[in-house]
Amino acid sequence: MKYCMLTAGLAIAACSITQPALAATGSVTFNGTVAAICTLVVTNGSGTMTASPGLQSLSSHNAGGSPGVVTITTTGNVALSVGAPTAITVPPADVTPITWSPTYSVAGAHTIAETGASSNLSTPGVDTVTVHLAGTKTGSDIFAAGSYSATVTVTCQ
């Protein structure tokens with residue numbers, strides 16, 4: 001019986017001796033994905049179209065006209081484009097056809113000469129997009145007096 005108690009006593013004594021803790025390590029792996037995105041901020045959403053001297057062009061390129069301006073920030077791998085004008089209003093006296101042509105150019109991280117076609121922005125960056133709109137008449141047709149307006153949508157996808 002003393003043997004059992006002695007053994008039990010040694011076990012208790014051995015458990016109460018302080019042992020240094022063993023070092024442990026672990027690794028944490030982080031992953032992240034950045035999608036191909038872009039943000040648009042309209043910095044001047046009100047372009048101005050003026051008539052040409054012969055009254056066959058109404059454009060933001062004409063003297064006194066001004067473009068719309070959009071700032072774009074992109075991760076790259078996106079396409080930039082302008083849509084056909086919408087919400088077009090013309091004065092009631094203007095009854096002849098008008099051909100509308102939206103265009104844009106890009107300066108900043110990317111350089112794109114004025115175009116109406118879609119453009120790929122393959123690298124990340126911040127750009128200024130200058131948007132123009134022109135309406136033209138053909139033959140002997142001219143613009144009538146009154147207010148004209150149209151909306152051009154800039155898309156980045």
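Reply: The place to begin is Ala63, which lies in the loop between strand E3 (57–59) and strand E4 (68–74); helices (H or I, at least four residues) and strands (E, at least two) are DSSP runs, numbered from the N terminus. This is a predicted model, in which local features need pLDDT of at least 70 and side-chain atom pairs count only at pLDDT 80 or more, while totals for chains, interfaces and linings use all residues. Residues are numbered from 1 along each chain as its sequence is written, and side-chain values use heavy atoms, with hydrogens and water left out.

Ala63 has a relative accessible area of 73% and is therefore exposed, where buried means under 20%, exposed over 50% and partly exposed in between, with a 1.4 Å probe and protein chains only. Met49 is 14 residues from Ala63 in sequence, and the two are 9.1 Å apart in space, C-alpha to C-alpha.

Beyond E4, the loop between E4 and E5 holds Asn77. Its phi is near 60 degrees, a positive value in a residue other than glycine, and Asn77 counts as exposed because its relative accessibility is 62%. At 55% relative accessibility, Ala87 counts as exposed.

Strand E5 (residues 78–82) is joined to E9 by three bridges, and these two strands run antiparallel. One of the contributors is Val78, whose bridge partner in E9 is Leu121.

Elsewhere, a search of the whole structure finds one aromatic pair. Phe143 and Tyr148 form it edge-to-face, at 5.4 Å centre to centre and 75 degrees between the planes; rings of Phe, Tyr and Trp (its six-membered ring) pair if their centres lie within 6.5 Å, and planes under 30 degrees apart count as stacked, over 60 as edge-to-face and the rest as tilted. Phe143 counts as buried at 6% relative accessibility, and Tyr148 is buried with a relative accessible area of 14%. The charged end of Lys137 sits over the ring of Phe143, 5.1 Å from its centre, a term that requires NZ of Lys or CZ of Arg within 6 Å of the ring centre and within 35 degrees of the ring normal.

For the chain as a whole, there are one helix and twelve strands, and buried residues make up 28% of the 157 residues. Among contacts (heavy atoms within 4.5 Å) between residues at least 6 apart in sequence, 71% join residues at least 24 apart. The average pLDDT, which is the predictor's confidence in each residue from 0 to 100, is 91, and 89% of the residues score at least 70. Some caution applies to residues 1–6, where pLDDT stays under 50 and the model has zero contacts beyond four places in sequence.

Definitions and conventions
Pairing = 2+ DSSP bridges.
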